Every structure is written in structure tokens, then in C-alpha cells.
Amino acid sequence: MESCGGQRDPDFRAFASRARLKPRFAFSPGSASSWSQLGMWYRRLPRLFVVPHRPTGSTSPRVPWLPRDRAVPAATTCWHHTAPESLKCAWQLHGDHLELRYANTLMRFDFVWLRDHCRSASCYNTKTNQRSLDTASVDLGIKPKAVRVDETTLFLTWPDGHVTRYGLEWLVKNSYEGQKQQVMHPRILWNAEIYRQAQVPSVDCQSFLETDEGLKEFLQNFLLYGIAFVENVTPTKEDTEILAERISLIRETIYGRMWYFTSDFSRGDTAYTKLALDRHTDTTYFQEPCGIQVFHCLKHEGTGGRTLLVDGFYAAEQVLRQAPDQFELLSKVPLKHEYVENVGDCHNHMIGVGPVLNVYPWNNELYLIRYNNYDRAVINTVPYDVVHRWYAAHRTLTAELRRPENELWVKLKPGKALFIDNWRVLHGREAFTGYRQLCGCYLTRDDVLNTARLLGLQA
């Protein structure tokens with residue numbers, strides 16, 4: 001884009017370079033020195049930056065920059081700055097959208113979107129934070145009659161005279177281009193050494209139950225690492241239930257509300273034995289796997305039985321770096337997981353469908369791993385040539401999950417409750433001897449994240 005004087009706008013050139021958006025992960029620290037530079041153990045994560053795409057080319061004649069705040073016809077396709085001497089904000093109209101450049105972000109807004117998201121009193125109820133405007137009443141061919149931008153606000157006048165106002169910062173935050181540069185859930189990816197170096201503290205049960213500070217510290221641990229511990233819990237099922245209800249509703253499943261098990265094989269599941277369990281996520285056979293799992297060992301009179309924890313997102317990041325095509329395949333191929341039970345009075349047949357890796361489509365951020373070799377059903381959802389490539393990709397991910405350096409082993413003891421993000425962290429168990437008694441439950445993910453947001457955390 002050139003001004004009428006023929007000099008190319010240097011800021012526009014910066015926005016013209018292309019960059020392919022890559023799958024998004026929180027950064028994983030690589031050395032002790034990098035940890036010390038990050039300050040507090042729940043450090044902020046750096047943001048990944050993506051250069052915006054080149055704006056759509058225009059064949060219309062180039063015209064001089066217009067004065068500040070001048071309304072223009074909708075057919076105009078030149079760039080306009082908020083002031084001739086300032087490049088802080090510039091905009092131009094196209095046939096079906098507005099292009100806005102602000103805060104180092106080039107954004108494109110569909111005209112229907114701009115009308116639909118109006119925050120005026122007649123279109124949006126600020127008391128309920130709900131839309132009042134009937135979206136189906138908006139003309140799909142609508143165009144603004146006039147547009148102007150000052151230093152902080154975009155103003156659009158519509159054909160019926162209605163005026164919509166948007167803060168520029170709000171537009172950056174809520175535009176597609178702004179969202180694809182943001183991480184929805186800040187995380188610290190870890191292997192065993194990284195987690196040990198972080199020295200993530202457990203939270204005392206009394207502080208967890210009675211203070212917002214203790215609860216917030218616990219949730220910050222959990223959101224960043226996918227696991228968190230509470231110490232000094234009375235080793236009973238009733239006290240564990242009180243603990244769980246502090247942050248969420250308990251999700252009742254085919255296993256009941258609070259489950260309580262030993263190695264008596266009372267259910268048709270390998271967990272109800274003394275055998276070792278390989279790393280896996282739970283309830284892959286639910287259409288929406290349970291979000292959080294709580295474990296509390298009430299008694300163990302014997303040996304073995306350590307709990308294995310593996311950060312599935314850390315392993316997936318290694319796959320992304322080594323074999324991005326395999327990462328993509330694992331995020332695209334849908335698989336069935338199945339649970340069939342006919343033991344005593346328990347008769348269940350559950351089927352869940354989804355890929356191993358689940359990503360947000362707008363920024364390719366991984367948000368769920370569904371990995372359970374015990375419960376994976378017959379692969380009959382893709383043709384044979386894709387199946388073979390999927391097996392190769394699955395082998396790559398499995399190799400990363402099974403690397404000894406990625407395994408964190410912990411011994412669960414009475415009084416120490418463990419919360420696991422079942423959408424991220426895989427768990428397993430070594431074989432054990434003697435009598436071992438555990439209780440626990442599943443929590444609804446939405447309620448845990450709701451509690452975190454109400455305490456001011458990004459979740």
C-alpha cells in the first residue's frame with residue numbers, strides 16, 4: 001500500500017509478511033537456569049507470536065490518507081489513519097468486511113459480526129451479560145453507512161441510523177486474529193526433572209478448605225501443572241468428599257458418586273486388581289471424558305503400588321517437534337473407546353468417540369488427550385492406508401509417554417490427596433502386595449474452571 005506521494009508505508013510492510021500458524025503449547029522449561037529466571041514457581045508463560053497474514057489485495061485506485069474522524073462511504077477501500085501523523089490505528093472498508101490495524105494486529109471483521117456484537121443498551125443486556133439483539137433479524141447483506149475511528153473507539157453507523165461503538169482494545173481481544181495469538185489455558189509442561197526442580201508446594205487441608213488464598217494457590221498449581229496435592233486430609237471417604245466439593249460438583253458416573261475400591265475385582269476393570277497399570281487417561285469411553293480425578297489412599301499394608309504420572313501435553317509437544325504430520329494425524333483420526341461390563345449387578349456398555357489429541361481449531365492449542373490402550377475399541381472409522389499411518393503416529397507418541405525421564409512416580413499415603421487433570425496428565429500404577437484401599441471421585445471440569453476464574457485465575 002502506498003500513499004499518494006508514492007512512499008510505501010513501512011508499518012504496512014511489516015504486516016505483509018506471511019507466517020503459517022503452528023500448533024500451540026505453553027513453553028516447557030529446559031534447564032535450571034531458565035527456571036530461576038522465571039521467578040515464582042507459578043511463573044507467567046511467554047506468549048507465542050504469529051505474524052498476521054497479508055491483507056487482501058485491492059484493485060481500487062490509491063487515494064491520500066483522509067483526515068481524522070472523517071466518515072466515509074462503505075465502498076471505499078483505502079487505508080485511513082486516526083490522524084495523519086499517527087500510525088497507531090488504520091482501517092479500510094471492503095465489500096463485506098472492515099479491515100482494522102491496531103496494537104500490532106491486523107484484524108478483519110465481517111459486517112454482520114460487527115452488527116451482531118453491538119454492545120448498545122438495545123442490543124446487549126449488561127446486567128445479565130447476554131445478547132438482546134435477535135441475530136436472525138440482521139440483514140446478511142448489511143453494510144455500515146458511515147465509519148469513523150478515534151484514538152480508542154470504532155464507531156459504525158448502520159443504514160437504520162443505529163450507532164455501534166467498539167473499544168479498540170476490546171476488538172483486539174475478541175477478534176479472530178487476536179484470539180489465535182492467545183493461549184486459552186497457560187500451562188507449564190514438565191517431565192520428572194522439571195517438576196522436581198519446580199518444587200511445587202502441596203497445600204494444607206485447613207488452608208484449602210477455609211481460605212481463598214489456600215484454594216487459589218492449589219488451583220494455580222493445578223492449572224499450570226495438571227496435578228496438585230492437598231496434605232493433612234483426614235483419611236476417610238467422607239473427608240475426601242468434603243475436600244472435592246470445595247472446588248466442584250462431584251460428577252456421578254457408572255462408578256457412583258464417591259468410589260471406594262480395593263483389589264477385590266468387584267468391578268470389571270483392571271484398576272480393581274493388584275496388577276500394574278500402564279499410563280492412561282480415564283473414561284475415554286465417555287463422549288466427554290471426566291475432567292478431574294481425585295485419589296486418596298486410605299490404607300496400604302504391603303509393598304509397591306506407587307502412582308505413575310506423565311504429562312501427556314509434554315509428550316505431545318515432543319511429537320509435534322519431531323513429526324508434525326504425525327501430530328496432525330493424531331488430532332484428526334476419530335477413534336472409538338469402549339467399556340463393556342457384566343460383573344454382578346453391574347451391566348454397562350459405554351462408547352466414546354474422538355481423536356487421541358484434541359486441539360482448538362482457531363489457535364491449534366492442545367486441550368485434551370484421550371489415551372487408553374486398554375479401552376480402545378476396534379479401529380473401524382478410517383480406511384486401511386490411514387490406519388497404518390495412525391499406528392506409526394501412535395507408536396511415536398507412546399514412545400514419548402514411556403520415556404523414563406517423563407515418568408513422575410509418587411507414593412500415595414493416607415492424608416495426602418491427589419487431584420489429576422484427566423484431560424492432560426496420564427496416570428498408572430505399579431503392582432502391589434497386601435491390602436490397599438483407595439477412595440476418590442471425578443469432578444466436573446466446568447465447575448473447577450469456574451471456581452478458578454472467580455478467584456481471578458485464567459482458566
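First, the ground rules. Residues are numbered from 1 along each chain as its sequence is written, and side-chain values use heavy atoms, with hydrogens and water left out. Because the model is predicted, local features need pLDDT of at least 70 and side-chain atom pairs count only at pLDDT 80 or more, while totals for chains, interfaces and linings use all residues.

Let me start with strand β24, residues 435-443. Helices (H or I, at least four residues) and strands (E, at least two) are DSSP runs, numbered from the N terminus. Is β24 covered or exposed? Eight of its nine residues are buried, where buried means under 20% relative accessible area, exposed over 50%, and partly exposed in between, with a 1.4 Å probe and protein chains only.

Which strands pair with β24? Two strands pair if DSSP finds at least two bridges between them. Strand β15 (residues 292-301) is antiparallel to β24 and has nine bridges with it; Q293 is the bridge partner of Y442.

Now the cores. A nonpolar core is a set of buried Ala, Val, Leu, Ile, Met, Phe, Trp, Tyr and Cys residues joined through side-chain atoms within 4.5 Å. The largest one has 55 residues, and L309 and W190 are among those with the most contacts inside it. Leaving aside residues up to four places away in sequence, L309 touches several residues, including W190, I227 and H427; contact means heavy atoms within 4.5 Å. Another core, of 28 residues, lies apart and includes C441 and L443. In soluble globular proteins, nonpolar side chains tend to be buried together.

Last, two helices. Helix α10 (residues 312-322) packs against helix α11 (residues 324-332) at about 130 degrees, with the axes 5 Å apart. Axes are lines fitted to C-alpha atoms, for helices over the stretch in contact, and angles run from 0 to 180 degrees between N-to-C directions. Angles under 35 degrees count as roughly parallel, over 145 as roughly antiparallel, 65 to 115 as roughly perpendicular and the rest as oblique, so α10 and α11 are oblique to each other. Among the residues making the contact are L320 of α10 and F327 of α11.
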